[in-house]
Amino acid sequence: MKAFNDTVQEVMSALGSSIDGLSSSEAERRLQEYGENRLREEERISVWKLFLQQFNSVLVWLLLFAVVVSLFLGDVLESEIIAFILVANALIGFLQEFRAEKALGELKKISGLQARVMRDGRLQKIETSRLVPGDLVLLETGDRVPADARLVEAMNVETQEAMLTGESAPVAKNTEPREGDVPLAERSNMVYSGTLVARGRARAVVTDTGMHTEIGRIAELLAEDEDSRKSPLQKKLNHFSRRLALVVMAASALIFFLTWWAGGELLETFKTSISLAVAAIPEGLPAVVALTLARGVQKMVRSNAIVRHLPSIETLGSSSVICSDKTGTMTMNRMSVRKVYVSGREVPFRDGHPESGMTPELSLMLRIGALCNDARLEDDGEIFGDPTEAALLMSAKNNGFEPMVLGRESPRVDEIGFDSTRKMMSTLHEDPQDGRVMYTKGAPDVLLEHCSSIMKDGRPEPLDEARRREILRRNEAFASSALRVLGFAWKPVRTEHEFREEGLIFTGLQAMNDPPRPEVIDAVARCREAGIKVVMITGDQKLTAEAIGRELGITGQAMSGSELESAGDPVGIVEEISIFARVSPEQKIRIVEALQEKDHVVAMTGDGVNDAPALRQADIGVAMGRGGTDVAREASTMVLMDDNFASIVRAVEEGRSIFDNLRKFVFFLLSSNISEIMIIVLAVLAGLKLPLVAIQILWVNLITDGLPALALGFEPRAPDIMKRPPMEKSSFIVNRPMVLRLAVMSTVITVGSLGLYLFVLLSAGWSWGVSLDGDGSTYLYASTMAFTALVVFEMVNAFQARSERQNLFAMGLLSNPWLFGAVAVSLLLQVLVIYSPLADAFHVVPLSVRDWGLIVLVSLSLVMADVVFKKQIVNGGRKR
């Protein structure tokens, strides 16, 4: 049954209801049949499941494998260190997500109310959860609608449906049937669960309850789309980890086969290949990624953005499209006067004030708007009442007319209330100067029919036909710009008989709408500069959406929901459209899906219940924290506490910076790991005893490399970060330029470290082919030189990793003090290992000052290699 198509009698008959409502017994029977009027609650994710989810990564699985193998080989210390890192990494992610995790059951806040209902022929108050289809409910101004219902009686009813439809202005309601399959926002004879009655009173028969309501249907969309998708960052890390796992297994198998084929002892050969595997895996990477993302999250908290899942902040940095709800996100969600027409001229309002100053006619019109008004201003500054009347009240207040003072000076003594037939409202006031005066506001075309004069230069003049036509033309011009227009008039009232809506003196027009947030215009411009397309998706009318879009600087075509439905599959057209108007929650999902099919990373912002499914579908959903609904916040991965669209742009900038820094420390860690692999592989192929043992490799990967890698996450963002195009969805962390750079830098590190190892051995009189004692002083000295050289090489490389284009001399050394501290601590830890009782555990011996000087001298070769590489390869080819 489509109740909006049928007459009141047909709906009542179909529902088996009457003007006396249902009987208690019938209501109880229907409660058993239809269930309670509440929304199903999503099962909470268990704490253990949330914790275990932190281990769902290919890289973490590799490290778990390393723990098991280390335990099998008896390397308990090594396995304990890796396990500690894994647990610490999991705790970082778990604690962040546990703080933000809530259930979809927050939707119950909408239905935990009481309703006035006719039962057994008398008015009763019952819990809204006990409502059933066929119940007759009574609604008044300020009530929250308890269920979807068809209006039976309506007296000047308007409802605020922004949370459900995106329509910013209150919607006038009536009882007349509608023809055809009209969109939700145009079903003027229906009221919907969760919306507010802004004006009037009504009786309505309940048509749907619980999960069958419009808000329940949206909850179903949320429940069906269990968000198991991974963020682009997680996908890139997993892709990187899978490739790394293949390389590790292939290299380990190759070394095992070659060594065993050359006559190596089986167990020793197996240990060698496992050492290679440990060397290849960047054990510190998960922890460094988690800590870097956590730091980004904390920075966003200071910018009033709460990130519920760590990788989400990088996802926003990868976004190529931001789909934004209009009402409450890009606009203020508060009607404001934008323009007025008085004394034959148009006057724009800026920040609540007329640009051309105050005139007697404008002053009078503002006074009428404040007094002929049922909205009320509370002591705390909050306004209650119809949004249009609230706008008139604020317009007067902003220009020096205090509503409470006006009310005391000119008290209301009588009124002719607004109704949808007359489209006017009039009030009678005691005026200290003019005696009794009548103030009227209403639809301009209707109001003019009751006016005989017009205010001009502070006095009334006859309202001739030419002036009437000019006023109507101005009214049409305002309306075509998606402004809501009201006309204002007045007259002195000397006798009670004169308090009639005729012979009025026209004063002017006030045009209002829901204005854009001031900061959004700049935010949209910055998105355009960053190569990010901004798409407005709203439940408002197409004309209104286009007008706001022009103000915001959103270019491109506009399309309504009905036009989108007629077009069929939106994939072919979605990139040409920048404004979607009058769209349903399902259509919002289709738009997001179509953009994702075009390989876009889609961010969706919104604040209403109707936005929630699209927020869930998008790669990242961004909800408004102050003006948004609980449902929108539950469906999102990021919440803006200041409801400021500009915060999204700051988050994009932060996300891009995080990915930029992620590439820097991935390069840094991989250069170390590849060098370790090459050192081991070349040593095995040359028949040498391994220059590095497993505990030394683990020390480099976790400790000496870990701190500088983390410090690279603190690298200040590049000045041009928001002038670059977004990262493509298919792009990888390790791209071709990075592979070439890794090859060059790792070769230099390998040659330098292995060269020092051989230099010490040969200087000590060792001959090629002679076996070395693993505990002998010559081997330990040579191994210590190679081990320390590798650490110093990496410290030099940490400074060079700060930029993919600039060399060490061009980028400056002082912009990242964290890196200085990290390198200093890493070197001190290396000194501690060499000159403390830990030396035996790490198989090292003390080095002389001469040894350190030689290591530093050899390590500086990396600086020259980096200078030449960036000059000839990177900047020569202008590659990023």
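In this predicted model, Q124 is in contact (heavy atoms within 4.5 Å) with A115, R116, V117 and R119, leaving aside its neighbours within four places in sequence. The side chain of Q124 reaches the backbone oxygen of R119 at 3.0 Å, which falls under the heading of a polar contact: a pair of N or O atoms within 3.5 Å, where, within protein, one must be able to donate a hydrogen and the other to accept it, and residues adjacent in sequence count only if both atoms are side-chain atoms. Q124 lies in strand 2 (residues 122-127); helices (H or I, at least four residues) and strands (E, at least two) are DSSP runs, numbered from the N terminus. With a relative accessible area of 17%, Q124 is buried, a word that stands for under 20% relative accessible area, with exposed meaning over 50% and partly exposed in between (1.4 Å probe, protein chains only).

The model is predicted, so local features need pLDDT of at least 70 and side-chain atom pairs count only at pLDDT 80 or more, while totals for chains, interfaces and linings use all residues. Residues are numbered from 1 along each chain as its sequence is written, and side-chain values use heavy atoms, with hydrogens and water left out.

Not counting residues up to four places away in sequence, L377 touches E382, I383, L393, K397, P403 and M404. The C-alpha atoms of L377 and P403 are separated by 7.3 Å, although these residues are 26 apart along the chain.

Now for the strands and their partners. All of strand 26 (residues 620-624) is covered: 5 of its 5 residues are buried, so this strand is largely enclosed by the rest of the structure. I620, V622 and M624 are buried on one side, and G621 and A623 on the other. In a regular strand, the side chains alternate between the two faces of the sheet. Strand 26 runs parallel to strand 25 (residues 602-606), joined to it by 4 bridges (two strands pair if DSSP finds at least two bridges between them). Here V622 is the bridge partner of T605. V622 also stands opposite M638 in strand 27, and strands 26 and 27 (residues 638-640) pair in the parallel sense over 3 bridges.

Strand 22 (residues 533-537) is mostly covered, with 4 of its 5 residues buried. Over 5 bridges, strand 22 pairs in the parallel sense with strand 9 (residues 321-325), where S324 stands opposite M536. Strand 24 (residues 577-581) pairs with strand 22 in the parallel sense too, over 2 bridges, and I537 stands opposite F580.

Finally, there is the nonpolar core, a set of buried Ala, Val, Leu, Ile, Met, Phe, Trp, Tyr and Cys residues joined through side-chain atoms within 4.5 Å. The largest one has 77 residues, of which F665, Y757 and F787 touch the most other members. Helix 29 (residues 777-800) gives this core its largest share, 15 residues. A second, separate core of 47 residues includes V182, I215, V535 and L615. In soluble globular proteins, nonpolar side chains tend to be buried together. Across the protein, buried residues make up 57% of the 880 residues.
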